[in-house]
Every structure is written in C-alpha cells, then in structure tokens.
Amino acid sequence: MPTATVDTTRAVTPGEIADACSTSDARSGAGVRHEGAPPRPDHDRARLLSCWGAHGSGTLHAHLEHHGPLPLPRGHGGAAQLGALMEASGLAGRGGASFPSARKLAAVRSAGGSPTVVVNAMEGEPAADKDRTLLWCAPHLVLDGAELVARALRARRVVVCVPDDSDVRHAVVTAAAERAAAWRAPFVIEVATLPGRYVAGEESAVVSRLSGGPSAPAWRPDKGAPLRIGRSPALVHNAETLAHVALIARYGPEAFRAAGHPDAPGTALVTVSGAVARPGVLEVAMGALLGDIVGCAGPVDGVGAVLTGGFGGTWVPATALGTSYTPGSMAEVGGVVGAGVLVVLPGRACGLAETARIARYMAGESAGQCGPCVFGLPAVADDLDDLVAATSPAAATRLASRVAGVDGRGACRHPDGVARLVRSALWVFADDADAHARGRPCPHRGAPSVLPGPVGAP
Amino acid sequence: MSSPVLWYATRATGLVAVVLLTATTVLGVLVANRLSTRRWPGFAWQDIHRGVSLIAMAFLAGHVATSVMDSYVHIGWAAVVVPFASDYRRAWVGLGTIGLDLLLAVAVTSVLRHRLGARTWRAVHWLAYVSWPVGLAHAFGMGTDMHSSWVIALSIACVAAVVAAALWRLSAGAVRQRRTLVVHGVRHRPLGVPVKHLSA
Amino acid sequence: MKAVRTRIAVDPVACEAYGYCAELLPEVLSVDEWGYPVLHDKTVPDHLVEQARRAARACPRRALHVMAQG
C-alpha cells in the first residue's frame, strides 16, 4: 500500500526554521507559520499545529489546556450559528475541491432526516501526509470539529474513516475513547478502516463503502443531491477542514482570517516532498509565495518544476515560484492547490519520466468501473513510456488525443486528474517533449525518481 | 379429450421448439460476442434474439398445452412446472419440465431485467445453457420421432450449432467482463471502550 | 419562453460498450477506440428525442439516460 516517504516525525529546530523563513515573513507579510518558531501573540494558539512538539500533545488533557473547553452551541439554532461562523470565516474544504464548507453544511441540513457526519481522513494521495499528521498530532481538533458539526445537525453518528494500512487508526481510537470517557455526547463515534486505495478516499466511494457497497466512486449526474448512507444524508468533510471548524468556533472567524489571503482566508496544511532536504508537513498561510513554501523545505538541487495538488494535479515551472498560494492565483499559472501537495522536481531531472511513473500508478489505481478509465489510462501510460523512451515519434500526438479521450468520461474525477497532469507536463516540459519526439531523449530520464512511495521505487 | 391431432401437434410444436431454441441460443451468443455488421448492427441482433425467443416460447407453450390436454396419456397440469409429477413416462417428461422451469426463470428475469441487478440477470440467463441440453435430452428420451432420418439429421445440426456457438462464447475472442478492482474493507477488532467500531 | 432542452447522459459505471446507442443515434453518439460511447453534445435536438429514447430502451444495461430539462 502506498505510504509517503515523508518524514513527519523529525523535529525541526527553531533556528533552522527562522533562517529559512525569515525572508518570507518579511516579504509576504502573510508569513509561513511553522512549528517550532518562537511564539508570537495570542492568535498563534489558533493554529492547527500550534501544539506540535509539546510532550503528550495529542492527549485530551493537553488539548483542553492549550485550547480551552469546546464551545457548545446554546439552545436551538445550533446549525444556523455554526453555519454563520463558517460563512463569516470563508472556510473552504481542504480535501482538494476547495468547496465552501458553510454551503455543504447547509445542503445536508436542508436534506432533512437524521444526518451522519463522516470525517474523511483517507488521504489516498501518496504525496500527501497532512491528514495523517493532523490526526497524530491534534486528533482532538478534528474530533472537536466533527462534534460541533454533529451537534449542529443533530446527527446520531460520526464515522471517522481511515485507511486500513495506516497507523493513525490507533491515535483516533484512543482520542475517541478519551472523549467518550470524559463526557457524554448525543452521538456515537465510529472508526472505520477502508481500503487504502487512491479512489477509495473520494467522498462517494467512502459513502458507498459505509453503505455496505464497494469502495468505488458513484456516478453522480446531479451533484446537488446529497450523498446518503442508507436513508441518512451524509456530510463528508476532510479531517483538516473539521479541525479548522474547531478553531473557528473557539477563536472566531476574525482569528481565522487573520492569516491568509482575502480570497483564500486561513491557513492550510501543505505536504512538501521531492528533492528537498526537509520534507514534511507545513502549516502555511494561504497567499504565501510558492517559492517561500518550497524554500522552507530546502530544495537540494534547484527547482526545475513543482508538482502541485497531487498526482491528479498539475506541474508548474520554476518561473511560477513567485505566485501567491491561493486557488485563484495558482490557477492563473496553471497550478492547483488541491489537497496541499507540493513535490519538488530538481533541476536535473526528467519531468516526463516522472509523469510517466505517475500515470502508470494512476492507471493501476482505477476502480475498474468505467471503460474509458480502465482502458484509457494504461494507454496514456504506455504512450508516455514511448515518449520518454523516444522510440515513437507519433507518441506525443497520440498522447494528446488519448488524454482528450479520457477526460471527463469516468464516473469520478480520476481520469480528469490524469488528463490535466499530462497536459500540464506537455506544456511545462514542452522542450523536453519535443526533443524526445525527435528521438533525442534528455540525459536525466534514468535519474532516480523523487516521487514518494512505491511510485518512485525502482 | 383425445385426438391424433393433439398428438401430432405436440410432436410438431416440440420439434419446432427445439429448432427455435437452438436458433435463440446461437443468436444469444452472437449478441453476447457483440456481433455487429453494417447491414446488421448490434441492436438488430438483440432484437432478433428476443423475437425468436418469444416465438420459441409460444411454440413451447403450445407443446406443453397440447400434451396435457391430450387425455390419451395422463400428464396433468401440475407436471407442467413440477418435475417428475407426470404419470406418463415420469423421467423423460420430468426432464422437459425442468427445461421449461429454467426457461421460465430466464424469461421472467429478462422481462424484469432493469429492476434486477446486472449480476442477477446474468447469472439466471446462463441457465439457458443448461436448459438447452435438458430439453434436447427430453426430446431424445421421449423418442417419438427419433427413428426418422430427417429428424436425426436435424438434431445433429442443432447440436452442432449450439456446440459451435458455445465454443465461440468461451474462446479468447469472446468479450470478457470487466471486474471491479476495488477491495472490500477489513474487519478490525473492537476495543473494550464505549466507542462503536464499524465491521466491514 | 424558455425551450425545454432534452439532456442526454451516459452512466459510465453501467456501460459495457455494447454500442447500440451509437448505432441508433449516430448524430449524437459515437464510440471510442475501445467501444465506449462519446457524446458529441449533452443535449438532444427535438427531432431526435424519440430516437434517443429508443436508443435508451435498447441499451442492455440501461446506461443511456434521456432526461427532459426545463
């Protein structure tokens, strides 16, 4: 099963961080908030990773000491109160789609019935490690958020979904048990282990599995209709999103908006990996410069390009390092914020070879339900292999039409992700693609992969 | 009521049913293997397969009705659907009953096809491959016309057609069904704390 | 007065590439290199709606959906 080779347990000394990030603090103003940096005034407490590094930071006791008690809604109208807070904060989902969270809450509320709150910590993306880190370091923030939403919706059930190969299950179960022992809640917390495959984390796949079906995404012609587990409408939120809800409820929308960008307020967890000295999970203020975020991780061989958003995201060239890290600004340079994934490709590497590896992995991760994905993705991977090996001059043109053939033709966005990744690769590495097509492959195509997990393994 | 007309009708409708059911089976394989030409596109073969199967069922109904109505031998209406309930030639008539039961299952599930899941429909439809040899065994066992050479020739032709079709269906050229690659969840042990665990 | 457009969509999970839809409605559908349907357009012109419904009925997996949209 894919596990990121990102080392999130390595403590980073304050000195290192201060050196690496001091320029960014001065320049961008929004700043990069990092664990271990010298403490600043009170709203620093209102951050996801603010209790990182303290001994026993994941326990309920430490959590309540650091953040105070959970503010429960008073009287009726809890959903409206919480919705208003979320709306005012401008929180957008951190699972990849950046969907406004207040709207999701309202949609499930209007669906009626007895809802189920689903905490999606599946994190099928091999290059992402943020949810795992968050659940290991601050599980009670996530569970606080789930509790607030569950109480607001009068849900009877909260299900935390973790991958079956993950060591996070223990942390979540322990945290849930601590809470169950400390106070009574009007709902029950369940921990569900689901198959740790890439598409299994897609929200309709999660709901399908929880309904007793396979871990495969559903075809949803009407995205407005809420997901249901049986008859119960399901509110599926990424674990990090719920942690933000917990902070917003405690410290208010203003504290949330104090960091970040007007268009994309708040902080986000970003996993930086690839050719960097200090891979890991950073808590980043939205709007920080891409180059500063990458710089904190310390690229070892320059930056040739950066993979943004994940394996279903896009490449951006090194010239885009001056871009502000928000969904809007990143889109302007062809980048994706997505689930906060950044993989640094060094200067001396073949981006096409890495793209070919990703495409091969994604082809193998198809749920196997839709013909265009089952047949099209391996064909795209084959075409990329041909292009990299420089054996077929027609590979590039064939690739372009094949990619158009898979885009949007599956039940879920899996083939769409591969399509946009390959398109961005052909654009960012256009010179390389040209050379390969002419039978002159670049010298770096045999270089070891910088991708995490089994994708990068030889 | 007893009349030679009923007896001839039973034999004739039985023979025609064998031929039509053979044709239905062969056409079914053509549909399953996605045969499609410019003049005879795929949807046309599906329509023909369905049409021939309906005519076959009609002849089968006639065969069953005339055989029961003919009081020369006692078969009884129960034996139409209950195997081995006939007084007359219990074993061979019983085989015919089994063949009919299987075909009724295929027919009913086909009519209700879109209310059942694809897997259910397909599983029952494969019973058609079982019903055909059962029906043929019934025809041989009853043996009324099996001494005439043209009936023997016809039977051999039908067997050859179905065998060829079945081989084509099973061969590498046939269309394979995709399998969903996902893996179902795993069961994990509950702990002794007031937290419920979802079992897969 | 807003015209009622008829939408057409393929359920990619149910589809098993029989191809009858493209045979019956070639103006709107064709098949890709593996036999799966490609929609030229998400809506169907009025004069083809009846034929589209026929194509939807012909699909052995009922993967083609024809929906009226206001």
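A residue counts as buried if 20 or more other C-beta atoms lie within 10 Å of its own, as exposed if 12 or fewer do, and as partly exposed in between. Keep in mind throughout that this is a predicted model.

**First stop: a loop in chain C**

Select A17(C), which sits in the loop between β1 (5-10) and α1 (20-24) of chain C. Is A17(C) buried, exposed or partly exposed? Because A17(C) has 19 C-beta neighbours inside 10 Å, it counts as partly exposed. The backbone of A17(C) deserves a look as well, for its phi is positive, about 60°, although the residue is not a glycine. As background, most residues other than glycine have a negative phi.

**Second stop: chain B**

Now show chain B, whose secondary structure comes to 6 helices and 1 strand, with the elements running α-α-α-α-α-α-β from the N terminus on. Of the 200 residues of chain B, 25% count as buried. Where contacts in chain B have a separation of 6 or more, residues 24 or more positions apart account for 60% of them.

Within chain B, select R34(B), which is found in the loop between α1 (4-32) and α2 (42-69). The phi of R34(B) is near 60°, a positive value in a residue other than glycine. R34(B) has 16 other C-beta atoms within 10 Å and is therefore partly exposed.

F59(B) counts as partly exposed, because it has 19 C-beta neighbours inside 10 Å. Which residues does F59(B) contact, leaving aside its neighbours within four places in sequence? They are T13(B), V16(B), A17(B) and L20(B). If you then draw a distance from F59(B) to A166(B), the two are 24 Å apart in space, C-alpha to C-alpha, and 107 residues apart in sequence.

Turn to chain A and colour it by secondary structure, which comes to 17 helices and 10 strands. Of its 458 residues, 59% count as buried, and among the contacts in chain A with a separation of 6 or more, 72% are accounted for by residues 24 or more positions apart.

Select helix α5 (residues 130-137) and helix α9 (residues 239-258) of chain A, which pack with their axes 9 Å apart at an angle of about 45°. The two helices, α5(A) and α9(A), are therefore oblique to each other. Showing side chains here brings up K130(A), D131(A), L134(A) and L135(A) in α5(A), which meet A239(A), E240(A) and A243(A) in α9(A). The residues of this contact divide into 4 nonpolar, no polar and 3 charged.

For the second pair, select helix α13 (residues 371-389) and helix α14 (residues 395-406) of chain A, whose axes come within 9 Å and cross at roughly 160°. Angles over 145 degrees count as roughly antiparallel, and α13(A) and α14(A) are therefore roughly antiparallel to each other. The crossing in which α13(A) passes α14(A) is left-handed. Among the residues that make the contact are P372(A), C373(A) and G376(A) of α13(A), together with A395(A), A396(A) and R398(A) of α14(A). By class, the contact of α13(A) with α14(A) has 12 nonpolar, 2 polar and 4 charged residues.

**Last stop: where chain A touches chain C**

Finally, display chains A and C together; their contact takes 11 residues from chain A and 9 residues from chain C. On the chain A side, the largest share, 3 residues, comes from α13(A). The side of chain A that touches chain C has 6 nonpolar, 4 polar and 1 charged residues.

Technical notes: Residues numbered from 1 in each chain as written. Chains lettered and ligands numbered in written order. Predicted model: local features only at pLDDT ≥ 70, side-chain atom pairs only at ≥ 80, totals over all residues. Axes fitted to C-alpha atoms, helices over the stretch in contact; angles between N-to-C directions. Helix = DSSP H or I, 4+ residues; strand = E, 2+ residues; numbered from the N terminus. Parallel < 35°, antiparallel > 145°, perpendicular 65-115°, else oblique. Left-handed = near helix turned anticlockwise from the far one by under 90°. Contact = placed C-beta atoms within 7 Å. Nonpolar A, V, L, I, M, F, W, Y, C, P; charged D, E, K, R; others polar.
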